[in-house]
Amino acid sequence: MRNILKHIKTSVESKTKLLAVLIDPDKLKTEALSQFVNKVNSSIATHIFVGGSTVETDVTQRLLTALRSLTNLPIVLFPGDVTQISNDADAILFLSLVSGRNPEYLIGQHVKSVSTLRKTNLEVIPTGYILIDGGKETATLKVTKTSPLTIKSEIVDTAKAAELLGMKLIYLEAGSGAKQEVSSEIIKAVKQEVSIPLIVGGGIRNKTQLDNAYKAGADLVVIGTAFEKDESFFNKLK
Ligand code: 1GP
(Lines give C-alpha, C1' and ligand atoms only; values in the text may rest on other atoms or scores of the structure.)
Protein backbone atom coordinates (compact mmCIF):
# COMPACT_ATOMS: atom_id res chain seq x y z
CA MET A 1 0.00 0.00 0.00
CA ARG A 2 1.27 3.48 -0.85
CA ASN A 3 1.49 5.85 2.06
CA ILE A 4 0.11 9.01 0.49
CA LEU A 5 0.10 11.20 3.60
CA LYS A 6 3.64 10.21 4.52
CA HIS A 7 4.79 11.06 1.01
CA ILE A 8 3.11 14.49 1.20
CA LYS A 9 4.79 15.17 4.55
CA THR A 10 8.19 14.07 3.25
CA SER A 11 7.74 16.37 0.26
CA VAL A 12 6.92 19.28 2.57
CA GLU A 13 10.10 18.59 4.56
CA SER A 14 12.22 18.48 1.41
CA LYS A 15 10.39 21.54 -0.01
CA THR A 16 9.22 19.58 -3.06
CA LYS A 17 6.00 21.12 -4.33
CA LEU A 18 3.17 18.84 -5.40
CA LEU A 19 0.53 19.22 -8.10
CA ALA A 20 -2.72 17.28 -8.34
CA VAL A 21 -4.77 17.15 -11.52
CA LEU A 22 -8.44 16.97 -10.60
CA ILE A 23 -10.59 14.76 -12.80
CA ASP A 24 -14.31 15.39 -12.39
CA PRO A 25 -16.01 12.20 -13.66
CA ASP A 26 -18.99 14.30 -14.74
CA LYS A 27 -16.90 16.40 -17.09
CA LEU A 28 -14.33 13.99 -18.54
CA LYS A 29 -15.89 11.28 -20.63
CA THR A 30 -14.38 7.78 -20.58
CA GLU A 31 -13.57 7.99 -24.34
CA ALA A 32 -11.34 10.99 -23.74
CA LEU A 33 -9.69 9.60 -20.62
CA SER A 34 -6.75 7.78 -22.15
CA GLN A 35 -5.47 10.78 -24.11
CA PHE A 36 -5.96 13.08 -21.14
CA VAL A 37 -4.13 10.78 -18.73
CA ASN A 38 -1.22 10.40 -21.15
CA LYS A 39 -0.76 14.15 -20.88
CA VAL A 40 -1.00 14.02 -17.09
CA ASN A 41 1.62 11.25 -17.01
CA SER A 42 4.14 13.29 -18.96
CA SER A 43 3.48 16.50 -17.04
CA ILE A 44 4.79 17.76 -13.69
CA ALA A 45 1.68 16.41 -11.93
CA THR A 46 2.38 14.25 -8.89
CA HIS A 47 -1.17 13.12 -8.04
CA ILE A 48 -4.53 12.53 -9.66
CA PHE A 49 -7.55 13.55 -7.64
CA VAL A 50 -10.96 12.19 -8.66
CA GLY A 51 -14.26 13.68 -7.58
CA GLY A 52 -16.98 16.22 -8.16
CA SER A 53 -19.94 17.83 -6.49
CA THR A 54 -22.74 16.30 -8.52
CA VAL A 55 -21.54 13.04 -10.01
CA GLU A 56 -24.11 10.31 -10.75
CA THR A 57 -23.74 6.93 -9.04
CA ASP A 58 -21.38 4.50 -10.84
CA VAL A 59 -19.82 7.15 -13.08
CA THR A 60 -16.89 7.56 -10.68
CA GLN A 61 -16.43 3.80 -10.42
CA ARG A 62 -16.32 3.39 -14.20
CA LEU A 63 -13.72 6.13 -14.52
CA LEU A 64 -11.57 4.72 -11.72
CA THR A 65 -11.61 1.23 -13.20
CA ALA A 66 -10.28 2.65 -16.48
CA LEU A 67 -7.83 5.01 -14.77
CA ARG A 68 -5.98 2.29 -12.86
CA SER A 69 -4.47 0.81 -16.00
CA LEU A 70 -3.50 4.20 -17.44
CA THR A 71 -1.25 5.70 -14.75
CA ASN A 72 1.19 4.96 -11.98
CA LEU A 73 0.49 8.25 -10.24
CA PRO A 74 -1.23 8.03 -6.86
CA ILE A 75 -5.01 8.25 -7.24
CA VAL A 76 -6.78 10.10 -4.46
CA LEU A 77 -10.54 10.32 -4.05
CA PHE A 78 -11.85 13.83 -3.51
CA PRO A 79 -15.48 12.85 -3.07
CA GLY A 80 -18.47 15.14 -3.23
CA ASP A 81 -20.48 12.55 -1.36
CA VAL A 82 -20.55 9.00 -0.09
CA THR A 83 -21.53 7.46 -3.46
CA GLN A 84 -18.14 8.40 -4.91
CA ILE A 85 -16.16 6.02 -2.67
CA SER A 86 -14.39 3.19 -4.45
CA ASN A 87 -11.61 0.75 -3.66
CA ASP A 88 -9.98 1.52 -7.02
CA ALA A 89 -7.92 4.38 -5.61
CA ASP A 90 -5.03 4.69 -3.19
CA ALA A 91 -6.46 7.12 -0.69
CA ILE A 92 -9.45 9.25 0.15
CA LEU A 93 -9.49 12.81 1.43
CA PHE A 94 -11.96 12.41 4.28
CA LEU A 95 -13.19 15.97 3.95
CA SER A 96 -14.96 17.76 6.73
CA LEU A 97 -16.34 21.09 5.55
CA VAL A 98 -15.19 23.02 8.60
CA SER A 99 -15.92 26.43 7.05
CA GLY A 100 -19.64 25.61 7.04
CA ARG A 101 -22.20 24.72 9.64
CA ASN A 102 -24.06 22.04 7.72
CA PRO A 103 -23.83 18.89 9.88
CA GLU A 104 -24.26 16.67 6.82
CA TYR A 105 -20.86 17.78 5.48
CA LEU A 106 -19.18 18.10 8.87
CA ILE A 107 -19.97 14.54 10.04
CA GLY A 108 -23.15 13.17 8.39
CA GLN A 109 -21.69 11.86 5.12
CA HIS A 110 -18.75 10.48 7.10
CA VAL A 111 -20.95 8.27 9.27
CA LYS A 112 -22.79 7.06 6.16
CA SER A 113 -19.50 6.20 4.47
CA VAL A 114 -18.15 3.86 7.15
CA SER A 115 -19.93 0.71 5.96
CA THR A 116 -18.41 1.27 2.50
CA LEU A 117 -14.96 2.24 3.80
CA ARG A 118 -14.77 -0.96 5.84
CA LYS A 119 -14.79 -2.92 2.60
CA THR A 120 -11.91 -0.95 1.05
CA ASN A 121 -8.16 -0.72 1.58
CA LEU A 122 -8.17 3.04 1.07
CA GLU A 123 -5.84 5.21 3.13
CA VAL A 124 -8.22 7.59 4.87
CA ILE A 125 -6.79 11.09 5.30
CA PRO A 126 -8.79 13.42 7.59
CA THR A 127 -8.85 16.79 5.88
CA GLY A 128 -10.18 20.13 7.06
CA TYR A 129 -11.93 21.56 4.00
CA ILE A 130 -12.32 25.34 3.98
CA LEU A 131 -14.43 27.04 1.35
CA ILE A 132 -13.20 30.56 0.60
CA ASP A 133 -14.96 33.19 -1.46
CA GLY A 134 -13.67 32.97 -5.04
CA GLY A 135 -16.07 35.51 -6.57
CA LYS A 136 -18.48 32.95 -7.99
CA GLU A 137 -21.30 30.78 -6.69
CA THR A 138 -19.61 27.38 -6.93
CA ALA A 139 -21.04 23.87 -7.07
CA THR A 140 -19.69 23.15 -3.57
CA LEU A 141 -21.61 26.13 -2.22
CA LYS A 142 -24.86 25.04 -3.90
CA VAL A 143 -24.60 21.41 -2.88
CA THR A 144 -23.51 22.00 0.71
CA LYS A 145 -25.66 25.10 1.27
CA THR A 146 -22.84 26.77 3.17
CA SER A 147 -21.32 30.20 2.70
CA PRO A 148 -17.66 30.61 1.84
CA LEU A 149 -15.43 32.45 4.31
CA THR A 150 -14.08 35.89 3.45
CA ILE A 151 -12.36 37.19 6.59
CA LYS A 152 -8.71 36.28 6.97
CA SER A 153 -8.71 35.87 10.75
CA GLU A 154 -11.73 33.59 10.56
CA ILE A 155 -10.08 31.45 7.87
CA VAL A 156 -6.88 31.18 9.92
CA ASP A 157 -8.76 30.26 13.11
CA THR A 158 -10.84 27.70 11.22
CA ALA A 159 -7.70 26.05 9.85
CA LYS A 160 -6.12 26.03 13.30
CA ALA A 161 -9.24 24.50 14.87
CA ALA A 162 -9.16 21.74 12.24
CA GLU A 163 -5.52 21.02 13.08
CA LEU A 164 -6.33 20.95 16.79
CA LEU A 165 -9.14 18.50 16.08
CA GLY A 166 -6.54 16.16 14.62
CA MET A 167 -7.01 16.65 10.92
CA LYS A 168 -3.95 15.78 8.86
CA LEU A 169 -4.33 18.18 5.95
CA ILE A 170 -5.91 21.58 5.35
CA TYR A 171 -7.54 22.27 1.97
CA LEU A 172 -8.18 25.92 1.09
CA GLU A 173 -10.80 25.83 -1.66
CA ALA A 174 -11.90 28.79 -3.78
CA GLY A 175 -14.25 26.44 -5.67
CA SER A 176 -13.96 24.85 -9.07
CA GLY A 177 -13.78 27.52 -11.77
CA ALA A 178 -13.45 30.31 -9.19
CA LYS A 179 -12.92 33.80 -10.60
CA GLN A 180 -10.32 34.54 -7.96
CA GLU A 181 -7.97 31.94 -6.54
CA VAL A 182 -7.19 31.87 -2.81
CA SER A 183 -5.01 34.94 -2.25
CA SER A 184 -1.34 34.72 -1.35
CA GLU A 185 -2.11 36.72 1.77
CA ILE A 186 -4.55 34.08 3.04
CA ILE A 187 -2.28 31.16 2.11
CA LYS A 188 0.63 32.83 3.95
CA ALA A 189 -1.44 33.54 7.05
CA VAL A 190 -2.74 29.96 7.26
CA LYS A 191 0.70 28.50 6.60
CA GLN A 192 2.15 30.49 9.48
CA GLU A 193 -0.49 29.17 11.83
CA VAL A 194 -0.64 25.45 11.05
CA SER A 195 2.06 22.84 10.80
CA ILE A 196 0.15 20.26 8.76
CA PRO A 197 0.44 20.22 4.94
CA LEU A 198 -1.58 22.77 3.03
CA ILE A 199 -3.58 22.04 -0.13
CA VAL A 200 -4.83 24.96 -2.23
CA GLY A 201 -7.22 24.81 -5.18
CA GLY A 202 -9.86 26.60 -7.20
CA GLY A 203 -9.42 29.11 -10.01
CA ILE A 204 -5.73 28.48 -10.73
CA ARG A 205 -5.33 28.65 -14.49
CA ASN A 206 -1.83 29.86 -15.27
CA LYS A 207 1.78 29.28 -14.27
CA THR A 208 2.06 32.58 -12.39
CA GLN A 209 -0.90 31.76 -10.17
CA LEU A 210 0.56 28.32 -9.53
CA ASP A 211 3.97 29.73 -8.60
CA ASN A 212 2.37 32.37 -6.38
CA ALA A 213 0.42 29.72 -4.48
CA TYR A 214 3.61 27.71 -3.93
CA LYS A 215 5.57 30.81 -2.88
CA ALA A 216 2.88 31.76 -0.38
CA GLY A 217 3.07 28.33 1.23
CA ALA A 218 0.83 25.86 -0.62
CA ASP A 219 2.38 22.40 -0.45
CA LEU A 220 0.02 20.80 -2.95
CA VAL A 221 -1.98 22.69 -5.56
CA VAL A 222 -5.07 21.21 -7.21
CA ILE A 223 -6.00 22.19 -10.77
CA GLY A 224 -9.03 20.90 -12.64
CA THR A 225 -10.80 23.39 -14.92
CA ALA A 226 -7.67 24.77 -16.63
CA PHE A 227 -6.67 21.28 -17.81
CA GLU A 228 -10.24 20.38 -18.81
CA LYS A 229 -10.54 23.50 -20.95
CA ASP A 230 -7.13 23.44 -22.56
CA GLU A 231 -4.93 20.37 -22.51
CA SER A 232 -1.99 22.41 -23.86
CA PHE A 233 -1.81 23.88 -20.35
CA PHE A 234 0.12 20.74 -19.38
CA ASN A 235 3.01 21.85 -21.64
CA LYS A 236 2.94 25.38 -20.28
CA LEU A 237 3.77 24.04 -16.82
CA LYS A 238 6.98 22.29 -17.81
C1 1GP B 1 -11.87 22.30 -7.17
O2 1GP B 1 -9.86 22.96 -6.13
C3 1GP B 1 -10.37 22.30 -7.22
O4 1GP B 1 -12.32 21.55 -6.13
C5 1GP B 1 -9.86 22.76 -8.55
O6 1GP B 1 -10.49 23.92 -9.01
O7 1GP B 1 -11.32 23.43 -11.29
O8 1GP B 1 -10.88 25.78 -10.59
O9 1GP B 1 -8.99 24.20 -10.98
P10 1GP B 1 -10.40 24.37 -10.57
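This is a predicted model: local features need pLDDT of at least 70, side-chain atom pairs count only at pLDDT 80 or more; totals for chains, interfaces and linings use all residues.

Student: Why is Leu 172 called buried?

Tutor: Buried means under 20% relative accessible area, and Leu 172 has a relative accessibility of 0%, so Leu 172 counts as buried.

Student: Where does Leu 172 lie, and what is it in contact with?

Tutor: Leu 172 is placed in strand β6, which covers residues 169-173. Once its neighbours within four places in sequence are set aside, the contacts of Leu 172 include Ile 130, Ile 155, Val 182, Leu 198 and Gly 201.

Student: Which residues have the most contacts inside the largest nonpolar core?

Tutor: That core has 57 residues, and Leu 67 and Leu 172 are those with the most contacts inside it. There is also a second, separate core, made of 23 residues, and among them are Phe 78, Tyr 105, Ile 125 and Tyr 129.

Student: What makes Gln 84 buried or exposed?

Tutor: The cut-off for buried is under 20% relative accessible area, and Gln 84 has 2%, therefore Gln 84 is buried. Gln 84 lies in a loop, the one between β3 (75-77) and β4 (91-97).

Student: How do you know that Gln 84 is in contact with Phe 78?

Tutor: Contact requires heavy atoms within 4.5 Å, and Phe 78 is listed for Gln 84 together with Gly 51, Gly 52, Val 55, Thr 60, Leu 77 and Pro 79, leaving aside neighbours within four places in sequence.

Student: How far apart are the C-alpha atoms of Leu 172 and Leu 70?

Tutor: These two residues are 102 residues apart along the chain, and their C-alpha atoms are separated by 29 Å.

Note on methods: Residues are numbered from 1 along each chain as its sequence is written. Side-chain values use heavy atoms; hydrogens and water are left out. A nonpolar core is a set of buried Ala, Val, Leu, Ile, Met, Phe, Trp, Tyr and Cys residues joined through side-chain atoms within 4.5 Å. Buried means under 20% relative accessible area, exposed over 50%, partly exposed in between (1.4 Å probe, protein chains only). Helices (H or I, at least four residues) and strands (E, at least two) are DSSP runs, numbered from the N terminus.
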